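Here are a few friendly notes to read alongside the model. Have it open on your screen and follow the points in order.

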Amino acid sequence: RRVAGALMLARGTALADQLFLPIWVESSVVAHQLYLQHGFLDVENCRFITERWDASYHLMRRPARGEEGVRSLRRSG
């Protein structure tokens with residue numbers, strides 16, 4: 001399973017890089033480490049509690065290719 005997930009993420013991140021797009025995901029606790037290994041960053045850790053459910057997940061973002069360079073230019077200008 002982990003190999004399949006890594007292959008799908010590699011394909012998706014390569015396409016996003018070609019298009020200079022960021023990627024947003026909601027990750028389960030189980031998949032969190034896989035997303036971190038592929039360059040995703042935590043935006044928010046969420047917990048959803050109802051009478052029947054107590055679920056945790058992570059809202060994550062992978063910046064667009066070249067996004068850091070754009071930010072640093074804006075700060076210095």
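**Notes on the aromatic pair and the sheet**

1. Let's begin with the rings. This is a predicted model, and the structure holds 1 aromatic pair.

2. Are the two partners buried or exposed? Y35 has a relative accessibility of 17% and counts as buried, because the cut-off for that word is under 20%. F40 is buried as well, with a relative accessible area of 1%.

3. Now for the sheet. It is open and has 3 strands in the order β1-β3-β2, paired antiparallel. Strands β1 (23–28) and β2 stand at the edges, and each has a single partner strand, so one side of each is left without a neighbour in the sheet. From one strand to the next, the twist averages 20°.

4. How many bridges hold each pair of strands? Between β2 (residues 41–49) and β3 (residues 54–62) there are 8 bridges, and these strands run antiparallel. A hairpin through 4 residues takes the chain from β2 to β3. Strands β1 and β3, also antiparallel, are joined by 6 bridges.

5. H58 is a handy residue for finding your way across the sheet. On one side, the bridge partner of N45 is H58 in β3. H58 in β3 also has S27 standing opposite, and S27 is found in strand β1. Picking out N45, H58 and S27 on screen therefore takes you through the sheet, whose strand order is β1-β3-β2.

6. S27 deserves a point of its own. This serine is buried, with a relative accessible area of 1%. Its side chain reaches the backbone nitrogen of H32 at 3.3 Å. Which residues does S27 touch, leaving aside its neighbours within four places in sequence? The contacts are H32, Y35, Y57, H58 and M60.

7. One last link ties these points together.

Terms used:
Residues numbered from 1 in each chain as written. Predicted model: local features only at pLDDT ≥ 70, side-chain atom pairs only at ≥ 80, totals over all residues. Heavy atoms only, no water. Pairing = 2+ DSSP bridges. Helix = DSSP H or I, 4+ residues; strand = E, 2+ residues; numbered from the N terminus. Axes fitted to C-alpha atoms, helices over the stretch in contact; angles between N-to-C directions. Phe/Tyr/Trp six-rings, centres within 6.5 Å; stacked < 30°, edge-to-face > 60°. Buried < 20%, exposed > 50% of the residue type's maximum accessible area, 1.4 Å probe, protein only. Polar contact = N/O pair within 3.5 Å; in protein donor to acceptor, adjacent residues only side chain to side chain. Contact = heavy atoms within 4.5 Å.
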